[in-house]
Amino acid sequence: MPWDTEPPRPEPVIASPPLREAFLRGAKGLCPACGQGKLFQGYLRLVDECSHCHTELGRIRADDAPPYFTILIVGHVLVPFVFMAERAWHPPMWVHMAIWPALFGGLSALLLRPIKGMTVAWMMRLGLTGTEQGEQTAVMPPRRTPRDV
Ligand SMILES: [Zn+2]
């Protein structure tokens, strides 16, 4: 008889949330699957697995998508104000260089984490949970809704 050192891991029984709910949970830094466990350890590093539902969050690789979406949003929000300020007041270049990089950097730092959480939630919903070697892993709990019961 083999010696088992770890007890069997319980199967997740949490239904997959709607996309909007998963987005909100991810933006708050919570597990998109259950909304109870933490999604991040530190600023942007994902936890290996959810402490509540044991969803393997650490295997989801968002890569460059969160910075891409952050730059896209921050650029569209702030660049019109750069042009409006230049057209209205014609400030010297040192004023532009003192204000805009700080605003771009600060807003990007504020938005990057919630955007990464939403990206991870979106990837979970789309089933984009494979490894770099192309191996698919079962990350998301089975999709069951009250209608399925
Ligand atoms: Zn969870």
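Let me start with what covers the buried residues of helix α1: the cover includes α3. Keep in mind that this is a predicted model. Helix α1 runs over residues 19-27, and its buried residues are Ala22, Arg25 and Gly26. They sit on the same side of α1, because the arc they cover around the axis is only 100°. Just after α1 comes glycine 29, with a positive phi of about 80°.

Now to helix α3 and its packing against α2. Helix α2 spans residues 65-89, and its axis lies 8 Å from that of α3, at an angle of about 140°. So α2 counts as oblique to α3; the cut-off for roughly antiparallel is over 145 degrees. The crossing of the two helices, α2 and α3, is right-handed.

Which residues of α2 and α3 meet? On the α2 side they include Phe69, Ile73, Val74, Leu78 and Val82. On the α3 side, among them are Trp100, Leu103, Phe104, Leu107 and Leu111.

Last, the core. The largest nonpolar core has 17 residues, and those touching the most other members are Cys31, Leu39, Leu57, Ile60, Val120 and Met124. Helix α3, residues 93-126, gives the largest share of this core, with six residues.

Take one of these residues, leucine 57. What does leucine 57 touch, leaving out residues up to four places away in sequence? Its contacts are Cys31, Leu39, Leu46, Val47, Glu49, Cys50 and Val120. Of these, Cys31, Leu39 and Val120 have already come up among the core residues that touch the most other members.

Terms used: Residues are numbered from 1 along each chain as its sequence is written. This is a predicted model: local features need pLDDT of at least 70, side-chain atom pairs count only at pLDDT 80 or more; totals for chains, interfaces and linings use all residues. A nonpolar core is a set of buried Ala, Val, Leu, Ile, Met, Phe, Trp, Tyr and Cys residues joined through C-beta atoms within 7 Å. A residue is buried if 20 or more other C-beta atoms lie within 10 Å of its own, exposed if 12 or fewer, and partly exposed in between; C-beta atoms are placed from the backbone. Helices (H or I, at least four residues) and strands (E, at least two) are DSSP runs, numbered from the N terminus. Two residues are in contact if their C-beta atoms, placed from the backbone, lie within 7 Å. The arc is that of the directions from the helix axis to the C-beta atoms. Axes are lines fitted to C-alpha atoms, for helices over the stretch in contact, and angles run from 0 to 180 degrees between N-to-C directions. Angles under 35 degrees count as roughly parallel, over 145 as roughly antiparallel, 65 to 115 as roughly perpendicular and the rest as oblique. A crossing is left-handed if the near helix is turned anticlockwise from the far one by less than a right angle, and right-handed if clockwise.
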